[in-house]
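Okay, everyone, thanks for coming. Let me put the structure up, and then I'll walk you through a few spots.

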Amino acid sequence: MLSKTINKSKKLLALFLALVFIAGTFTISAYALTDAEKQEYQKKIEELKAQIEENNKKIAELDEAASQYDDDVSALQDKISVLDDQIDLYNQEIALIDEDINKIDAQIDSVETEINNLNEQIKELDIQLDELEAQKTETYELLGERIRASYMSGASTPLEYLLTSDNFEFQAYLERVELLQRIAEHDDKVVKQLEKNIEDIAVKVTEIEDVKVRLASKITELDEAKKEYEVKKQEQVDARKVVEDAEALIQADLDKVMAIVNGYDRESQQYKDAIDKREDAILELENKLAEKNIYYGSGSTGDMCWPLPYSDVYVSSRFKWRWGKQHNGIDTCRWSGTHGADVVSVKDGTIDVASWGYGGGYGNYVVVNHGEGVVTYYAHLSNITVSPGQRVQKGQVIGQAGNTGYSFGAHLHFGLMINGSWVDPLKYLDGGSTIQCTD
Ligand SMILES: [Zn+2]
């Protein structure tokens, strides 16, 4: 009971203080840098410039260290290029020898084809020879049969016929002898012709065999020539290998030196990257000092009103790192209770989004596009009273505050995006620079 009373009086005191505070300060409309902030920014810029100077010194040292290897690198590269030229010459020589070897191979192929053709011819002639030999044997056999027939027909000599036969028989005998003689002559002719043919073919075969021998010796010559070229080629390949080995050693040296130089370059690059970041930071600070990034709005009113149109408002969580990430806006509440409180558009604009969403975290939320790169977000609403595409004016109610989505207790999460970046709404909202913050 006692603690409850204390809590209540604490709350009332806070409310009272807030009201006094807000009443006294709500007339300030635009955010401006204080002298202390300007001094702080200036100091940071000086620090960053000093760091950049240090970095530049380091880079110069590293470049100096790397440049000591310049002569080594170019000497090694020169050597390698000379050896590369030598290797090219060997390669050209080897290519020429290969051409010669290919020519010889082609010649060997054509001679081998010739020899194969001759072997075919010899085969055919052998077949012809066999046939002729067979004919000859047959003719001899026929001849033998005829001679045997003439003996077996009776008297075999003319004298016998003269002594034993009559005129008629003798005449017949003479005719038969003549016939036999003619047959024998014919057979003899045939046999002689066959023998001549056989001899002709044998001569042909011999001639072809001679040609074959000549061709075989040609192949032997070509093989020897090829061997000579192959020996020459091997000499070139061996010589090239010597140069290649020498080059590999030099390349290994160059790799070692380059590893050192690249190490310096990498380190130097890290300093250069650091300088870039610091220069960006300086630019940002200078812009801040020139108040370039500070948005004062446009039009006659020139500012944005507070999204909860009440005098008893405060900020429960600022735009800052929270729970390991940037809290991309402010949480704002009413001392007299936030649930169901009206939420208004801070500036004229068009409704872009009016729904449940943003991964569910925002609950019911509204996005208003004010043009000129200015967009505002209103999240955790209990109710939405506008729809996408609708035009709204500054101060127009767009819904009611609530506790939907990822929220613990009713509050309005308000986000302000300028040119695609979240910015601190306290620097832009009417009264933002002086409003009470409880976190
Ligand atoms: Zn929030």
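Let's start at Ser-345, which touches Cys-305, Val-368, His-370, Tyr-378, Val-392, Gln-393, Lys-394, Gly-395, Gln-396 and Ile-398, leaving out residues up to four places away in sequence. Before I go on: this is a predicted model, so please keep that in mind. Ser-345 sits in the loop between β5 (342-344) and β6 (349-356). Is Ser-345 buried or exposed? Ser-345 has a relative accessible area of 0%, so it counts as buried. The side chain of Ser-345 also has a polar atom 2.6 Å from the backbone oxygen of Lys-347.

Okay, let's zoom out for a second. The protein chain has 439 residues, and 32% of them are buried. You'll find 5 helices and 12 strands in the chain. If you take the contacts with a separation of 6 or more, 72% of them are between residues 24 or more positions apart. The accessible surface of the chain is about 26900 Å², and carbon and sulfur atoms account for 53% of that.

Now, the inside. In soluble globular proteins, nonpolar side chains tend to be buried together. Here, the largest nonpolar core has 37 residues, and Trp-306, Val-366 and Tyr-378 are the ones with the most contacts inside it. Which strands supply at least two residues each? Those would be β1, β6, β7 (364-371), β8 (374-384), β10 (397-401), β11 and β12 (421-423). β8 gives the largest share of this core, with 6 residues. There's another core apart from that one, made of 17 residues, and Val-111, Leu-125, Val-205 and Ile-208 are among them.

7 of the 7 residues of β11 are buried, so the strand is largely enclosed by the rest of the structure. Leu-412, Phe-414, Leu-416 and Ile-418 point one way from β11, while His-413, Gly-415 and Met-417 point the other way. Both sets are buried.

So who are the neighbours of β11? With β8, β11 pairs in the antiparallel sense over 6 bridges, and there Thr-376 stands opposite Leu-416. With β4, the pairing is antiparallel too, over 3 bridges, and Thr-332 has Leu-412 as its bridge partner. Then there's β12: β11 and β12 pair in the antiparallel sense over 3 bridges, with Leu-416 opposite Val-423. β11 and β12 form a hairpin with 2 residues between them. In that turn, Asn-419 has a positive phi of about 50 degrees.

4 bridges join β1 to β4, and the two run antiparallel. Tyr-314 is the residue that stands opposite Cys-333 in β4.

On to the metal. Which residues coordinate the zinc ion? They are His-327 through NE2, Asp-331 through OD and His-413 through ND1, at 1.9 to 2.3 Å. Written as a spacing along the sequence, the donor residues go H-x3-D-x81-H. The two histidines link distant parts of the chain: His-327 is in the loop between β3 (325-326) and β4 (330-334), His-413 is in strand β11 (residues 412-418), and they're 86 residues apart. What about burial? His-327 has a relative accessible area of 5%, which makes it buried. For His-413 the relative accessible area is 5%, and His-413 is buried as well.

Last stop, a helix. Ile-275 is in helix α5, which covers residues 167-289. The relative accessibility of Ile-275 is 7%, so it counts as buried. What does Ile-275 touch, beyond residues up to four places away in sequence? The answer is Ile-52, Asn-55, Asn-56 and Ile-59. Glu-53 is 222 residues from Ile-275 along the chain, and their C-alpha atoms are separated by 8.9 Å.

That's my tour. Thanks, everyone.

Technical notes: Residues numbered from 1 in each chain as written. Predicted model: local features only at pLDDT ≥ 70, side-chain atom pairs only at ≥ 80, totals over all residues. Heavy atoms only, no water. Buried < 20%, exposed > 50% of the residue type's maximum accessible area, 1.4 Å probe, protein only. Contact = heavy atoms within 4.5 Å. Donors = N, O, S within 2.8 Å, 3.2 Å for Na, K, Ca; no water. Pairing = 2+ DSSP bridges. Areas by Shrake-Rupley, 256 points an atom, 1.4 Å probe, with all protein chains shown as cover. Polar contact = N/O pair within 3.5 Å; in protein donor to acceptor, adjacent residues only side chain to side chain. Core = buried A, V, L, I, M, F, W, Y, C linked by side-chain atoms within 4.5 Å.
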